[in-house]
Amino acid sequence: MRTAIITGITGQDGSYLAELLLDKGYRVVGVIRRHSSPELQTHRIDHLMSNSNLTLEYGDVTDLPSLLNVCKKHNPSEVYHLAAQSHVKISFGQPSFTTDTIATGTLNILEAVRLMVPDARVYLAGSSEMYGNEFDEDGFRRETTIMKPVSPYGCSKTYAFHLGRTYRESYDMFICNGILFNHESPRRGLNFVTSKIVEGAARIQKEGGKLSLGNLDATRDWGHAKDYVVAMWMMLQQSYSDDYVCATGESHSVRDLCEMVFSKLGMNYANHVVIDPEYYRPLELHDLKGDPTKAIAELGWETTYTFESMIDEMIEHHKAR
Ligand code: GDD
């Protein structure tokens, strides 16, 4: 039986990945941080807790000894490193914490694997934020596009990306960087714009009221997290390790998203959305569109959700709450 370690198992991606790996017969070890209210911590994986192949271990990506111990104890063949301070706007307010968790955290994971289980295959969660406002002539970002991040989050992810590549080449380790564009789901935290809009519109439909948002003109390439965790797994099943963009190739503005969600709920977004500069970022990544050609060709990856079917699923979820 193969053992996989997942950091960030309690997050959106971690929970879908845990489901996928348990379904495939893995023993899954999730690393979780000590939390003052543990009863609030595991809601995304509560439905998996009775599975005897799932084990949770306390640890933290900023605490190297805890990672060394988990690797030594469980001897994983695959390590999926998803833990991070993942909110771009918050990274401007908490730049040190963001850097500690993402940059130093990735260094610690790579060292723990190198020292304890050097043959384990490692997935690192890179992000389209690494590109900043750079893109190719055709408007797409791909594996070869220049990286020039515009947030502390993006800078830390770029460090982690290059560190992964450097460890791969220096130590002959199997390390893949996913370069994931935005991926959403009903499990998405409510401070990301997709969930905020869907939850807000569902609440306004029942109770009335307003929804405060920031920049409506930004565009994003939004896919479904459930599809993206399949790509993570596929990367670690190849005969060589490499870096892959995961995206849909389609982009929509935040305004388009508002229009679609409110109109599906029988409302006009213009009557309910108010702009609050509080949600603006000191630097914005204006437009995002990724080219997943390499992941499709080399991994055989394909998406099963469209933008609309993903939004429909999120609406059903938030309407029922
Ligand atoms: N969060 C948020 N809240 N964003 C808003 C709001 C608001 O009220 N109003 C407008 N936006 C705009 C942001 O300015 C940004 O342009 C866009 O909506 C998307 O914001 P988020 O949903 O916060 O996502 P993100 O693109 O910054 O980052 C997400 O995707 C990255 C991959 O590209 C995160 O999941 C990152 O962790 C991930 O790496």
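## Ligand surroundings

A polar backbone atom of Asn-191 lies 2.9 Å from a nitrogen atom of the ligand. This contact belongs to a predicted model, and the description that follows rests on that model. In total, 23 residues surround the ligand, and the closest are Ser-86, Ser-128, Tyr-153, Arg-281 and Glu-284.

For Ser-128, a polar side-chain atom is 2.4 Å from an oxygen atom of the ligand. For Arg-281, an N or O atom of the side chain is 2.5 Å from an oxygen atom of the ligand.

## Salt bridges

The structure contains 16 salt bridges. One of them joins the side chains of Arg-187 and Glu-19, with an N to O distance of 2.6 Å. This pair connects distant parts of the chain, 168 residues apart: Arg-187 is in the loop between strand E7 (183-184) and helix H6 (193-207), while Glu-19 is in helix H1 (residues 12-23). Glu-19 counts as buried because its relative accessible area is 16%, which is under the 20% limit.

In general, an α-helix has 3.6 residues a turn, so residues three or four places apart point the same way. Arg-165 is partly exposed at 27% relative accessibility, whereas Glu-169 is exposed, with a relative accessible area of 58%.

Arg-255 and Asp-217 form another salt bridge, their closest N and O atoms being 2.9 Å apart. Here too the pair links distant parts of the chain, with Arg-255 in helix H8 (residues 254-264) and Asp-217 in the loop between strand E8 (211-213) and strand E9 (219-220), 38 residues apart. Arg-255 is partly exposed, its relative accessible area being 29%.

## Nonpolar cores

The largest nonpolar core consists of 36 residues, and those with the most contacts inside it are Ile-6, Leu-17, Leu-21, Val-28, Tyr-80 and Tyr-123. Both strands and helices contribute: among the elements that each supply at least two residues are strand E1 (3-7), H1, strand E2 (27-32), strand E5 (121-127) and helix H9 (293-299). Helix H7 provides the largest share of this core, 8 residues. In soluble globular proteins, nonpolar side chains tend to be buried together.

Leaving aside residues up to four places away in sequence, Tyr-123 touches residues including Val-79, Tyr-80, Cys-176, Leu-180, Met-232 and Leu-236. A second, separate core holds 24 residues, among them Ala-218, Leu-265, Met-310 and Met-314.

## Helix H6

Helix H6 has 15 residues, which at 1.5 Å a residue should span 21 Å; the end C-alpha atoms are 20 Å apart, in agreement with this expectation. The buried residues of H6 include Thr-194, Lys-196, Ile-197, Val-198, Gly-200 and Ile-204. The elements that cover the buried residues of H6 include E7, E8, H8 and helix H10 (307-319). Just after H6, Gly-208 adopts a positive phi of about 75°.

Note on methods: Residues are numbered from 1 along each chain as its sequence is written. This is a predicted model: local features need pLDDT of at least 70, side-chain atom pairs count only at pLDDT 80 or more; totals for chains, interfaces and linings use all residues. Side-chain values use heavy atoms; hydrogens and water are left out. A salt bridge is a side-chain nitrogen of Lys or Arg within 4 Å of a carboxyl oxygen of Asp or Glu. Helices (H or I, at least four residues) and strands (E, at least two) are DSSP runs, numbered from the N terminus. Buried means under 20% relative accessible area, exposed over 50%, partly exposed in between (1.4 Å probe, protein chains only). A nonpolar core is a set of buried Ala, Val, Leu, Ile, Met, Phe, Trp, Tyr and Cys residues joined through side-chain atoms within 4.5 Å. Contact means heavy atoms within 4.5 Å. The expected span of a helix is 1.5 Å times one less than its number of residues. A residue is near a molecule or strand if one of its heavy atoms lies within 4 Å of it. A polar contact is a pair of N or O atoms within 3.5 Å; within protein, one must be able to donate a hydrogen and the other to accept it, and residues adjacent in sequence count only if both atoms are side-chain atoms.
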